[in-house]
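Hello,

Here is the structure I promised to pass on, with some notes to read beside it.

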Amino acid sequence: MLYQLQSEYRISGDQGQAIAKLLKSLDAGNKHQCLLGVTGSGKTFTLANIIAQQDRPVLVLSHNKTLAAQLYSELKGFFPDNAVEYFVSYFDYYQPEAYIASTDTYIEKDSAINGEIDRLCLNTMRSLLLRRDVIVVATVSCIYGLGAPEDYRQLTLSIEQGGILERDAFLARLVELLFERNDFDFQRGRFRVRGDVVEVYPAQSDGEAIRVEFFDEEIDRISLIDARTGRIRDNLKSYLFFPVKQFVTAADKRMRAMESIRAELSERVAWLESRNKLIEAQRLKMRTDYDLELIDEIGFCKGIENYSRHLNGRAPGSAPSTLMDYFPVDFLTIIDESHATVPQVGGMYEGDRSRKQNLIDHGFRLPSALDNRPLKFGEFMERQRQIIYASATPGAFELVNCRTDNSNYIPVRKARRGAERPPDDFHGVFFRSLREICVQPSPSTCPVKDFHPERVGVPLIVEQLIRPTGLLEPKITLKPLEGQIDATITLCHERVARKERVLVTTLTKKTAEDLTEYLRNIGLRVEYIHADVDAIERVEILRALRSGKIDILVGINLLREGLDLPEVSLICILDADKEGFLRNETSLVQTAGRAARHERGECVLFCDVETESIRRLVELSDYRRSVQMRYNQEHGIVPRTVCRAVQEPLRLYVPDEEEKLDLMAGEGDDVELEIRRLTDEMKNASSRLDFELAAILRDQIKKLTAGAKG
């Protein structure tokens, strides 16, 4: 087999049946299949077993960097002998180019590229061109434009020991691949020359460089060396160099592209002048001419991606080349937390277009800049051969395009008779067969252009309900709204006495803050968390909850996928019958799932009316609990709470030290040194995929920079 799965875990619970059914569906050639796995059931291990049975590359798509990093780490552990790659946005900081017409403010593109993540992205492209045993964990950045794979492949430079190649010709080829010469500061993407010895630091490499020694016009020796010490690690017979940048174009295509850009520029300037937009015309000509000079001289310019349609020779309006074009046609896509990732993929295009259109209207970019864009949802789906959706709460798109296994009972919500469209909370509907869906999902909740019920074959939604720990679905309890605060306090006291933790969800930030203050005044250890609390502070609060420094956490939206709090045994949802985004079925199921890692897990909903969402949550929970209890009885399993180590603190500075940083803001050289030190720390944190630590360092840098300017 192409993949070698290595793990101390063994297939348990109903993972075996889920693996078998999904493999059967894939073998039958179905495009859509869904793994409906409850929280804590080991979906990642199930998916790893499916990957191990596939003889093709795999794309694993996640909706944020943190979860992608977690998946990358887990899959790298499962497949140490295969190429597990990580492809996310390589910016530590990114401010897109924009123009605010109302204030005549132009915001230039500003970014800080993380060298380590850039290396991982380039290594992903390299691996996809060289081998098939590749697993790529990516965020939605993979649907944004890249250089065309044929250009990237064409510009590779292959050398071999004993080959005939002049040193100067070799250096010229390196420059064409966008390597920079620097004989003193040897970093990725650079080379240095010492007589007949050339040392090259490939952009994809991690601490290893290539030393090429020439004898006249012959390559005498190729060595793999340590980039820092220069010590030889291995002697190589050959080596293949790849371009340094993601956007590269061969010289002949570049010349044709420049002519095409000039033609579009001439046409656009004439159009603007004919409408008396003289400032816009002059601005566009100056900016584009400057970019063309850079492309002509060095083959690259800032914002070169805006000319990607010309560089690739594509037709206006056509889809850009993306990471998926580097995959062979038979690759498998796995969409993790699909209820959040699928809508995210579908929403990227319009937001990007509106910003660029404003730049084009005011003469900052050519109209062809619109073709540097993310894929539309339909274009994304056209590039997929087979997809596995993984979620505890599949969205409407997954449910419509997949069909459940009729041998399992799932609570059904039938469409209302005569309804033209389902309600806005259709996102979390469960059903048994496509015949019971008499209307299409709402376009406002999910993209449905790929809905082809006639193509659906064998059952494609597979449940995975049994947890390896034997834990049951949290018990659902309904209590009246009257006296909900007093009832919550009583429940909190009971759990705190057992050294267990509690989550309380409210509907507004003000309510969360007021409730926190009230609970503090009666002696409970409590904190709140919402959107105004910065990313690092949230992590510190969650760590305090797990370590026992606080017992209760109050918030608005505590359903974040991947939130792992084994100590939490109780969820209190206030005003649960106020149906909307925060109280629809998906939100309720996800929130209740935060108590699924404790043997006494319970979710209490305060309501006077049993809404559709509450009713479906209760039915779903009762169904899953019955399946889990029956399995535990048949196999003699006693549920046990998940045990997991508490995360190390992320905060680098205690309050006193932060005050010192504030005082430093006017001390000139000291502040500059501190900013440089913090910048290095931020880059190191990002290179370790510790984005939360990088976030607090970024905030400290901004704080010092603002203080110094003030």
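In this predicted model, Arg 254, Met 255, Met 258, Ile 261, Arg 262, Leu 265, Arg 268, Val 269, Leu 272 and Glu 273 of α7 touch Leu 278, Glu 280, Ala 281, Leu 284, Lys 285, Thr 288, Asp 289, Leu 292, Ile 295 and Asp 296 of α8. Contact here means heavy atoms within 4.5 Å. Helices (DSSP runs of H or I, at least four residues) and strands (E, at least two) are numbered from the N terminus. The contact of α7 with α8 is made up of 11 nonpolar, one polar and eight charged residues. For these classes, Ala, Val, Leu, Ile, Met, Phe, Trp, Tyr, Cys and Pro are nonpolar, Asp, Glu, Lys and Arg are charged, and the others, Gly among them, are polar.

Helix α7 covers residues 251–274 and helix α8 residues 278–298; their axes come within 9 Å and cross at roughly 170 degrees. That makes α7 roughly antiparallel to α8. The axes are lines fitted to C-alpha atoms, for helices over the stretch in contact, with angles from 0 to 180 degrees between N-to-C directions. Under 35 degrees is called roughly parallel, over 145 roughly antiparallel, 65 to 115 roughly perpendicular, and the rest oblique.

A few words on the numbers: the residues are counted from 1 along each chain as its sequence is written, and side-chain values use heavy atoms, without hydrogens and water. Local features need pLDDT of at least 70 and side-chain atom pairs count only at pLDDT 80 or more, while totals for chains, interfaces and linings use all residues.

Next, the helices around α2. Helix α1 (residues 15–27) packs on α2 at an angle of about 40 degrees, with the axes 10 Å apart, and the two are therefore oblique to each other. Gln 15, Ala 18, Ile 19, Leu 22, Leu 23 and Leu 26 of α1 meet Phe 45, Thr 46, Asn 49 and Ile 50 of α2. This contact of α1 with α2 has seven nonpolar, three polar and no charged residues.

Helix α2 (residues 43–52) also packs with helix α3 (residues 65–78), at about 50 degrees and with axes 11 Å apart. Here, Thr 44, Phe 45, Ala 48 and Ile 51 of α2 touch Leu 71, Glu 74, Leu 75 and Phe 78 of α3. Six nonpolar, one polar and one charged residues form the contact of α2 with α3.

A cavity is a set of points on a 1 Å grid over the protein atoms alone where a 1.4 Å probe fits but cannot get out, and lining residues have an atom within 4 Å of a point. Points are joined across faces, edges and corners, and the volume is the space filled by probe spheres set on them.

The largest cavity holds about 70 Å³. Its lining consists of Glu 473, Pro 474, Ile 476, Val 589, Ala 592, Gly 593, Leu 617, Leu 620, Ser 621 and Arg 624. With four residues, α17 gives the most to this lining.

The second largest cavity, about 50 Å³, brings us back to α2, which supplies three residues, the largest share of its lining. Thr 44, Leu 47, Ile 51, Val 60, Leu 71, Leu 75, Ile 334 and Asp 336 line this cavity. Six of these are nonpolar, one is polar and one is charged.

Best wishes

Definitions and conventions:
On a 1 Å grid over the protein atoms alone, a cavity is a set of points where a 1.4 Å probe fits but cannot get out, and a pocket is an open set with protein on both sides within 12 Å along at least five of seven lines; lining residues have an atom within 4 Å of a point.
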